[in-house]
Amino acid sequence: MSSPTRSSEEINAKARRAGIASFIGTTIEWYDFYIYGTAAALVFGDIFFSDTLPNGVGTLLAFITLWAGFLARPIGGIIFGHLGDRIGRKNTLVITLMMMGVATVGIGLLPTYAQVGIWAPIGLVTLRVIQGVAVGGEWGGAVLIASENAPKGKSILYSAFAQQGSPAGNLLATIAFFLLSSMPTPSFLLYGWRIPFIISAVLVILGMIIRLKLEESDEMKAVLARKKVVKLPLAEVLRKHWVLVLLGAGALPLAQVTYFKNTFALSWATKELGYDRGTFLAAIAIALVVQFIVQPFGAVLVSKIDMRKAMCLMVIPEFVLMPAMFFAIRTGNFTIAVVAMCLATIPHSMFYGAIAGVLARAFPANIRYTGLSTAYQLCSLVVGGGTPVLAQWMLNTSGNIVGVAIVSGLYALVSLICTLLLLRRTGYNAGELSTAEQADYDELELENSVADTANSSKSEAGEIPSGRATV
């Protein structure tokens, strides 16, 4: 909620600045995170592990290093959620961006297994963990910078700015590798794959300039001014809001199906189905353009109608579309594969565009960063990084894609059930205050009422009254 002491023009201008800054910052962070997944699918299994391993094992190990970043994300969520709820959203976002940039450039400079042996995968995992910690702290803060600065009743719409950074960053990562796909394989393995990692340094500098100009949200300013900071936000979240955390984490598997499509399917299609590397990267890029275009409409839909109905309209088609995508890819026909990938992208991207704002509404302002981050990163820990590992393991053991297709559909079912249960606790109308926001507002009104009474007494006694708290 924005401060009522500001004019509507000032509120809208600040909201736009926060939204754009959130989008640019998350684009850079997700670019860094996604280039790792693309490289893991294409090259890491070949250069960071022994070439004596059985077929498919190097790729599986590369996907496990990918998972290491997801395992580290809850740590980042806890650390930076704590800082974000105690010192503000802005400062934490500056730190996370710097960490991500250093780790990403470091990966681009790593020696290979042929050069240093076992130290190559050890260094890879170490830097991947740093990436995970950074993005684990990034997401919640970026969502809140956008949503907390939004005009009244538009927090879900503005949270979509932060969500747009994911497809934008993913698209940039895919384009970077697509442009390099025409390189001869020996050159690509030797140095070509390093280029997208090293040029991240330029993007990080741009992001830092933008983030240093950010203004803290009014809601967080009010928490700091009223000294409502919680000493241990995580303890407060787990003690009073653990059900919301579990429901939030359970709502998010559908947001992770991108790793079926952009990481696992990339490896499967290029290494086993005969697709050219550049051809399938082009298919992924087309699907990402679709995601970027349609994703904000999820936030629009949830803001316009009953949120339960909106979620059902978005999620139920994915029960069929995501499993069907794998069989379309298996045909080996580029056009059929692209159409299926684009159709499967629409439901989960619209859901992703809306779910951040829905989750942000679930928690009180003084522990919102920690609550939001804990829910999201818990799902990432269990589901996100494990998705390509699970899919590759199922493919290795069964030799067919049927099991992977079924699991991808189950992700949507779990997300829908948990989202509907979450909405029962938070409210169904995006234009109204959620349960947590209403509690914050009632507490503030009570404090202002007490302050007014005290100021009135002081005024009658000839003393100068102090100001009211605002949010």
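Is Phe44 buried or exposed? In this predicted model, Phe44 is buried, and its relative accessible area is 0%. This value falls under the 20% limit that defines a buried residue.

The aromatic contacts of the model were examined next. A total of 19 aromatic pairs is found in the structure. In one of them, the ring centres of Phe44 and Trp193 are separated by 5.4 Å and the ring planes meet at 90°; the pair is therefore edge-to-face, since planes over 60 degrees apart are assigned to that class. Phe44 belongs to helix 1 (residues 8–47), whereas Trp193 is located in the loop between helix 7 (185–190) and helix 8 (195–198), so the contact ties together parts that lie 149 residues apart in sequence. Trp193 is likewise buried, with a relative accessible area of 0%. Phe44 and Trp193 also belong to one aromatic cluster, together with Tyr36, Phe48 and Phe197.

A further aromatic pair is formed by Trp268 and Phe326; this pair is tilted, with 6.4 Å from centre to centre and 55° between the planes. Trp268 is part of helix 13 (residues 258–271) and Phe326 is part of helix 16 (residues 318–330), so parts that are 58 residues apart in sequence are tied together by the pair. Trp268 and Phe326 are both buried.

Charged side chains are also placed over aromatic rings. Arg128 lies over the face of Phe33, at 3.9 Å from the ring centre. Arg308 is positioned over the face of Tyr428, at 3.5 Å from the centre of that ring.

Note on methods: Residues numbered from 1 in each chain as written. Predicted model: local features only at pLDDT ≥ 70, side-chain atom pairs only at ≥ 80, totals over all residues. Heavy atoms only, no water. Phe/Tyr/Trp six-rings, centres within 6.5 Å; stacked < 30°, edge-to-face > 60°. Helix = DSSP H or I, 4+ residues; strand = E, 2+ residues; numbered from the N terminus. Buried < 20%, exposed > 50% of the residue type's maximum accessible area, 1.4 Å probe, protein only. Lys NZ or Arg CZ within 6 Å of the ring centre and 35° of its normal.
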